[in-house]
Amino acid sequence: MQALLSPTLRPSSLSPLHTKPNSLSSNSPKCKPPNKAFFFTPRASSQVAVAPKRETDPKKRVVITGMGLVSVFGNDPDVFYEKLLDGVSGIGPIDRFDASKFPTRFAGQIHNFSSEGYIDGKNDRRLDDCLRYCIVAGKKALESADLAADKLSKIDKVRAGVLVGTGMGGLTVFSDGVQALIEKGHRRITPFFIPYAITNMASALLAIDLGLMGPNYSISTACATSNYCFYAAANHIRRGEADLMVAGGTEAAILPIGLGGFVACRALSQRNDDPQTASRPWDKARDGFVMGEGSGVLVMESLEHAMKRGAPIIAEYLGGAVNCDAYHMTDPRADGLGVSSCIERSLEDAGVSPEEVNYINAHATSTIVGDLAEVNAIKKVFKNTSEIKINATKSMIGHCLGAAGGMEAIASVKACTTGWLHPTINQFDPEPSVEFNTVPNKKQQHEVNVEFWTSQVFQPDILMLDWGRHIGKLNYYDVIPSYF
């Protein structure tokens with residue numbers, strides 16, 4: 001079974017901000033408008049349809065003002081994207097535990113993670129990594145949004161919420177609790193077993209730490225988790241229930257029970273002799289996905305709120321959609337109907353025409369069936385593949401499960417703001433039916449008109465707009481019915 005959600009970022013006119021007498025752009029001295037507002041100008045060879053209407057109310061327009069992450073390449077979004085542009089693989093042998101008896105012995109494992117300055121020592125020792133990653137990424141996102149701890153008092157915390165999801169939850173705490181029960185009895189189970197294992201605790205602890213009293217919960221929809229959280233967070237803002245939301249995903253499942261579970265599903269690559277080439281989306285020799293971990297978090301707020309406080313606006317969220325293909329737990333529908341219809345609905349909600357899209361950050365996990373199913377569904381909506389470039393972040397960091405959408409959202413925003421697309425590495429013998437430019441093995445310069453990014457299994461599609469140097473990006477989270 002698959003749920004689909006689609007978010008969007010893309011170029012948007014700033015004129016609605018100037019048409020009303022009480023426009024925020026004229027009475028908000030702190031907030032500098034972008035240097036340029038880019039409208040999509042079609043190439044001579046393209047026929048671009050008139051886009052549907054787009055939201056103009058500053059209270060309902062949703063912008064991204066901060067980004068934070070924890071990744072195999074560290075905790076700085078700029079460094080993270082530089083590594084991606086350089087085509088560096090973060091995949092290597094697992095050394096966190098003895099994986100010698102597993103048929104897959106490698107992953108995108110985070111090394112030398114430190115929460116110093118973000119989590120006190122006592123709690124840091126107790127918390128599951130899933131929670132630690134979230135807290136650090138969330139606080140870094142707020143710092144990026146000019147809302148470090150000493151500045152949070154400037155916002156109405158009752159109208160600021162947290163919505164960070166996870167696909168697996170506190171898996172280490174859960175695994176340790178089960179082991180304690182079996183080996184030593186129930187009296188040896190830690191009292192933190194339930195609180196730190198449940199999926200909503202990441203959002204809860206971040207909110208408690210910062211005093212954010214707005215909407216607070218988690219969504220757990222496998223690989224689509226982060227995108228669902230972005231979609232729901234944006235809707236809280238659109239409905240007037242919150243001014244600001246901290247949203248994204250977090251995951252830490254590289255441990256024996258997590259690895260063993262996906263091995264049992266026969267979903268993982270077994271390329272143990274060359275782990276760095278194991279994740280190879282769209283390559284004929286792909287043999288499964290590679291596990292990754294981390295957290296990706298965005299600060300989302302209403303345009304009105306962001307401009308009043310002089311926030312650094314990075315991009316604009318345009319819209320999304322969610323559905324289910326009602327087909328199978330893991331297998332995609334052969335006709336791609338669930339995915340393609342979700343894309344169409346997300347475009348409509350965002351006020352974007354298919355002809356405006358020229359970049360896709362794909363889900364592309366490197367599985368035999370999933371990669372092509374996703375591409376086939378995309379081609380049902382976007383007819384002219386020669387106009388679109390598509391790449392796969394997972395070729396370098398692996399599949400971060402519930403955090404995948406959050407981390408790839410950051411990569412997508414950076415593609416817009418830098419004008420460079422990171423490569424899809426390990427493109428040795430590509431599938432001829434893909435037909436897109438997959439940015440093979442080397443970064444490419446590209447002026448993004450509209451971009452979307454995708455993910456599978458209960459996934460959301462999201463459209464976003466880059467607010468600064470390149471205002472124009474559609475982020476689409478494609479939902480394919482499969483972890484694979």
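This is a predicted model: local features need pLDDT of at least 70, side-chain atom pairs count only at pLDDT 80 or more; totals for chains, interfaces and linings use all residues.
## Helices, strands and the overall fold

Helices here are DSSP runs of H or I with at least four residues, strands are runs of E with at least two, and both are numbered from the N terminus. Residues are numbered from 1 along each chain as its sequence is written, and side-chain values use heavy atoms, with hydrogens and water left out.

The protein chain holds 13 helices and 14 strands. Of its 484 residues, 63% count as buried, where buried means under 20% relative accessible area, exposed over 50% and partly exposed in between, with a 1.4 Å probe and protein chains only. Taking contact as heavy atoms within 4.5 Å, 81% of the contacts between residues at least 6 apart in sequence join residues at least 24 apart.

## Two residues to look up

Arginine 132 counts as buried because its relative accessibility is 12%. Leaving aside neighbours within four places in sequence, arginine 132 touches Phe113, Ser115, Ile119, Asp124 and Leu127.

Lysine 154 sits in the loop between α3 (129-144) and β5 (160-165). Its relative accessibility is 64%, so lysine 154 counts as exposed. Arginine 309 is 155 residues away from lysine 154 in sequence, yet their C-alpha atoms are 8.1 Å apart in space.

Two packed helices are described by the angle between their axes and the distance between the axes. Here the axes are lines fitted to C-alpha atoms, for helices over the stretch in contact, and angles run from 0 to 180 degrees between N-to-C directions. Angles under 35 degrees count as roughly parallel, over 145 as roughly antiparallel, 65 to 115 as roughly perpendicular and the rest as oblique.

Let's start with α1 (residues 77-85) and α13 (residues 404-418): their axes come within 10 Å and cross at roughly 80 degrees. The pair is therefore roughly perpendicular. On the α1 side the contact uses Pro77, Asp78, Phe80, Tyr81 and Leu84, and on the α13 side Met407, Ile410, Ala411, Lys414, Ala415 and Thr418. These divide into 8 nonpolar, 1 polar and 2 charged residues, with Ala, Val, Leu, Ile, Met, Phe, Trp, Tyr, Cys and Pro counted as nonpolar, Asp, Glu, Lys and Arg as charged, and the others, Gly among them, as polar.

Helix α7 (residues 225-238) also meets α13, with axes that come within 5 Å and cross at roughly 70 degrees. That makes α7 roughly perpendicular to α13. Ser226, Asn227 and Phe230 of α7 touch Ala404, Gly405, Gly406 and Ala409 of α13. By class, this contact has 3 nonpolar, 4 polar and no charged residues.

## A mostly covered helix

In helix α11 (residues 368-381), 10 of the 14 residues are buried. Among them are the charged residues Asp371, Glu374 and Lys379, along with Leu372, Val375 and Ile378.
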